[in-house]
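Grab a pencil and work through these exercises with the structure open beside you. Try each task before you read its solution.

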Amino acid sequence: MTALITGSSERVTGTRLLRREDPKLLTGEAKFIDDITQQDVLYMALLRSPMAHARIDSVDTSAAMKMPGVVAVFSGADLKGDWVAPMPCAWPVTADMKNPPHYPLAADVVNYVGDAVAVVLASDKLSAIDATERIVVKYESLPVVLDLQDAASDRVLVHPDLGTNTSFVWEVTPDKAKVDHAFATAVHVVKSRYIQQRLIPSAMEPRGVLVVPQPYGGDYTVFSSTQIPHILKVMLSLTVGISETKLRVIAPSVGGAFGSKLNIYSEEVLALTLARKLHRPIRWTEERSENAQATIHGRGQLQDIDIAADENGKILAVRVNVLADMGGYLQLLTPGVPLLGGFLYHGLYDVPAYSFTCTGVFTNKTPTDAYRGAGRPEATFAIERSIDRLARKIGVDPAEIRRRNFIPAEKFPYASAPGLVFDSGNYLPNLEKALEMVGYPEIRSEQMKRRSGGSKKHLGVGLSCYVEMCGLAPSKVLGSLRYAAGGWESATVRILPTSKVQVVTGTAPHGQGHETSWSMIVSDRLGIAPDDVEVLHSDTSIAPYGLDTYGSRSLSVGGSAVFMATEKVLGKARQIAAHKLEASADDLDYKDGSFCVKGSPDKAVALSTIAFEAFTGHDLPEGVEPNLEATVTWDPPNFTFPFGTHIAVVEIDEDTGATELLRYVAVDDVGNQINPMIVEGQIHGGIAQGVAQALFEEAVYDGSGNLLNPTFTDYLVPSAAEYPSFELGSTVTPSPTNPLGVKGVGEAGCIASPPAVINAVVDALSDFGVEHVDMPASPEKIWTAIQSFRRSR
Amino acid sequence: MFPASFDFFKASSVADAVSILSREDDAKLLAGGHSLLPLMKLRLASPAVLVDISALEELAFVEDKGDYVAVGALTRHHDVANSELLKSAVPILPFVASKVGDPSVRHRGTIGGSIAHGDGASDLPAAILALDSDLVAVGPDGERVIQAKDFFLGFLETALRPNEILTEIRVPKFSGGWSYQKFNRRAQDWAIVGVAAVHNGSTKISLVNMASTPIRASAVEAALADGASVEVASGVASEGLEPPSDLNASADYRRHLAQVLVKRALTEALG
Amino acid sequence: MQITTIVNGRSYTKDVEPRTLLVQYIRDVLGLTGTNVGCDTSSCGACTVLLNGESVKSCTVLAVQVNGQELTTIEGMATDSGLHPIQKAFQENHGLQCGYCTPGMVMAAASFLNENPNPTEREVREALEGNLCRCTGYHNIIKSVLAAANAMEGAM
């Protein structure tokens, strides 16, 4: 660790402090949304469209109304007057972006299988679900659009009123002539098309919401399994038309999210609307098969990437065209997701000419939105697959081609061709460390041995070097990207009368361990035990300002705000201490919970004394307010840019096409690490999700727009039996953009791993002349690739 | 999700269960529930009546009967997998049972339930078929014995009558080689293709998920009987079969896998 | 129907509808909400509890089927002297993040370690094949179970 100011002689940051969150989660004490009960509550169930595209001719709710326990049944038409605005899209990426109105219940037309058409409220969950089966909806089917290129052709329109399926075209091409020239004069051009399949985020806890009204006071408390309680509150106020002063949003324990709970969902809006309408508490818990259709999907892109290189494999230009699947509507951040990768298709390579264009199109499928990595996995996959193809084309080792192209360490801060400034980086030692950990030469020689011995078990090694951007900021840059929110985060630090510390953060953790990490930051600065620091979050009444947890932003933005608020409150304590010690504030040292006069350690006053003094206010210096409390809202000057090298080793059974992941080495540089145990946990999980994209998972639709694999029996979330243990290493290149020197780690594993695995698969199949295998690289796809090679001979 | 409403009867004996089945319309037996309850929760099945036989201890046993081992229909996969008697007398059966579902499923699911469900994609029916087992069913007219080869009639359709209960599986002992090859993408999944091979004088092979029912690889068996090599015999593994196509595998790929896995199974069983 | 069960050592007699799933009985009737529901298809194992000492998926058992039987849920693992060694190992090895799959993982591990007190890494991975986790990549879960095996072995 470097440069972290500490007020403690025993450093807590950088240690593997066990998580304070764990005991309640390990014993069943933690309350997830479905664990919260409420007297007199009504259970909500939704009837969802079985048609991908259809006009709603009629909705007959009369039979459902007569079912036992049923209190109310509404169609979309019934509730048309109950909202003041459609569901929000907070990222209108272009001024002319097309955004069809999207309401919690479809009233006229359904646009995907799973689009909600009616809602039942009943005294218990079983009655509510049973009654949905009695609602009779007459549909008039409309032609469906499922394929991305078909959608782009406008042959059939999802939303005929828009006149096109194209929602937007967004481009970053700083200098087109430079790109054209590079391609015209390049020695090597590698053109590739990649498919980013649709993925179902599959947080283990499905979504849920509980709204508790106080009909006479006019207040509403919304409990939701969300990663964005603060943003949800603002958006609910805007869509439902309830004053922000009357809304309190609480995220209880949240069972994973991965972007899928970074949204404003129909059920949240409906539950609040109906609680207002019926003056009753309303609750809803999603079923797993419902989750597969009603919660956003991830990825869903068709990528065309061309790279131009000189005779040595030095990349001169990258040119990208992406067709991105929006699904049936735009959800909160749908159009912005591909853009988060749009600046990064040159990877961590020093590429002078750059062009990226993304076309977002509507289809009759579940809307897409942010899923772990959001845009950066797609970009990383495209460049990391393509650089491997370039290496093969010119006959150099995949490690060597990367060395030749890395942005050199001396170029940081690095101004990239598409217009970002990479904060810090040192790529070469990171790659070399990963190669050493995996034993690269030994694996290559084992691979050759198997090949020459005619083994049917083919070894493949795949490298993936990545850089990503997280901690979206500063706010004014987000404004220039037309993102509707800011990039700041707030923190309040209070030193209580007994000198215990209360931290209020605007982040909303759901597995990331913020309570532990934030307490470590404060503990170090104040020289007190982490257990003496309490961390409050995820309740808009306790933490009024916050921008929540997504995009690997929480530590670099929110953790930094906590650090700065601690610094600020310590500044106030220092003033009081100076007054007490009759010394100048500048003459005081602070260590291990006490201020003392420099050079006179016996002239000291404890923080606990000052805390109580501040509380009583009996003897404070002139102009100093009572109490020790400080709030900081921090807007960072830039994104952070973590990077790393991941290496996958696979074995492919030539007879069956089955791939076994034998080893997985990851060396990540996420800047300073507050708690390495938590950092590693984030990387493990990310790797597993990326490997799942590479080898297992895909949301598959039939020709009518039915999702064919909505359950965990068919949607292949892998288990422990499908993975090896992972081998992790790290390098540390602190970020200069925040006081902690941290970068971000939540998504890194998931960004790096898909190309590592697919590069390994293609490497294993190189004997068969296979140049690419689409994800997920199922045994059948691999077998088919081998077969077509054999047939061609 | 959860099942639609049904009437529930707990059977006090096999005879009681048979009489309830005979009396009630649209009644289904419930044992471990690991085939039926998932279908009912997704509302793919909604029987009007469930007859719970899971507590009939007289149907949970593994007994040495000389030439064969009698396995009670309510013996759980976990108990089949850990039976010392089966491990020594019919080792393929406990091995196959240990590959069904996952440990928690095996603590609950029963061999009789799996066989009576008759799913062509499930492991145990194919093993029973390769072992030429006899299946004992009890109905209103008493007991009858059905040979495994006559038991699996079509997609989720067996020779059991609506008011009959499968009570016992009689598995012939054998001392030769055997193999069970299960190919899937996740450990907990159904087999994409599975192959059970038993070598005891002659060689019997059955296939999982290669047809609407578990099915014997008769072309392979015939080729071997005619003296064909393993290489040649496994080449005809999918002859005459119409395997399903689904998200995990096309019919063509299944045909190919059947050949690969039959070869591996034969190599292991005959080796 | 009226059923009586012993749950975490305590006897309960309750009325349930026949279609009530064991997990609904545990959560909604008994109010023991530590056991979670993650899927419809007995695939994810979040609802794993011990039935007569062995792991079962409580979403795939009817409550009426366990009349007269003994159950242990996650609430029955820790004692007055602290966390169960498996729970402790999960904390010490960072075997959980969001914690939603955790009760099921702990119960599946408890059942498995009872059957196999000295497992290899491979055996632990296969033993947990029916319990899905989306956060940890399983790495630290496996480490936790192996550590728990060591700790429990040492204690015997």
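**Exercise 1.** Is helix α7 of chain A largely enclosed by the rest of the structure, or exposed? Work it out from its residues, then check its length.

*Solution.* A residue is buried if 20 or more other C-beta atoms lie within 10 Å of its own, exposed if 12 or fewer, and partly exposed in between, with C-beta atoms placed from the backbone. Helices (H or I, at least four residues) and strands (E, at least two) are DSSP runs, numbered from the N terminus.

Step 1: count. In α7(A), 11 of the 13 residues are buried, so the helix is largely enclosed by the rest of the structure. Among the buried ones are A:V269, A:L270, A:L272 and A:L274, along with A:E267, A:E268 and A:R276.

Step 2: find the cover. Two residues are in contact if their C-beta atoms, placed from the backbone, lie within 7 Å. The cover over the buried residues of α7(A) includes strands β1 (42-48), β5 (116-122), β9 (208-214), β10 (219-224) and β12 (282-285) of chain A, plus helix α6 (229-240) of chain A.

Step 3: check the length. The expected span of a helix is 1.5 Å times one less than its number of residues. For α7(A), residues 266-278, that gives 18 Å, and the end C-alpha atoms are 18 Å apart, which agrees.

A word about the model before you go on: it is predicted, so local features need pLDDT of at least 70 and side-chain atom pairs count only at pLDDT 80 or more, while totals for chains, interfaces and linings use all residues. Residues are numbered from 1 along each chain as its sequence is written, and chains are lettered from A and ligands numbered from 1 in the order in which they are written.

**Exercise 2.** Run the length check on helix α16 of chain A, and say what follows the helix.

*Solution.* Step 1: α16(A) covers residues 554-581, which is 28 residues. Step 3: A:E582 follows α16(A), and its phi is positive, near 50°.

**Exercise 3.** How do helices α10 and α11 of chain A pack?

*Solution.* Step 1: two packed helices are described by the angle between their axes and the distance between the axes. Axes are lines fitted to C-alpha atoms, for helices over the stretch in contact, and angles run from 0 to 180 degrees between N-to-C directions.

Step 1: α10(A) (residues 376-394) and α11(A) (residues 398-405) pack at about 110°, with their axes 9 Å apart. That makes α10(A) roughly perpendicular to α11(A) (angles under 35 degrees count as roughly parallel, over 145 as roughly antiparallel, 65 to 115 as roughly perpendicular and the rest as oblique).

Step 2: from α10(A), residues A:I387, A:D388, A:L390 and A:A391 meet A:P398, A:I401 and A:R402 of α11(A). By class, this contact has 5 nonpolar, no polar and 2 charged residues (Ala, Val, Leu, Ile, Met, Phe, Trp, Tyr, Cys and Pro count as nonpolar, Asp, Glu, Lys and Arg as charged, and the others, Gly among them, as polar).

**Exercise 4.** How many residues does each chain give to the contact of chain A with chain C, and which helix of chain A gives the most?

*Solution.* Step 1: chain A gives 41 residues and chain C gives 45. Step 2: on the side of chain A, α1 (22-27), α8 (288-294) and α18 (676-695) each supply at least two residues, and α18(A) gives the most, with 6. Step 3: that side divides into 19 nonpolar, 16 polar and 6 charged residues.
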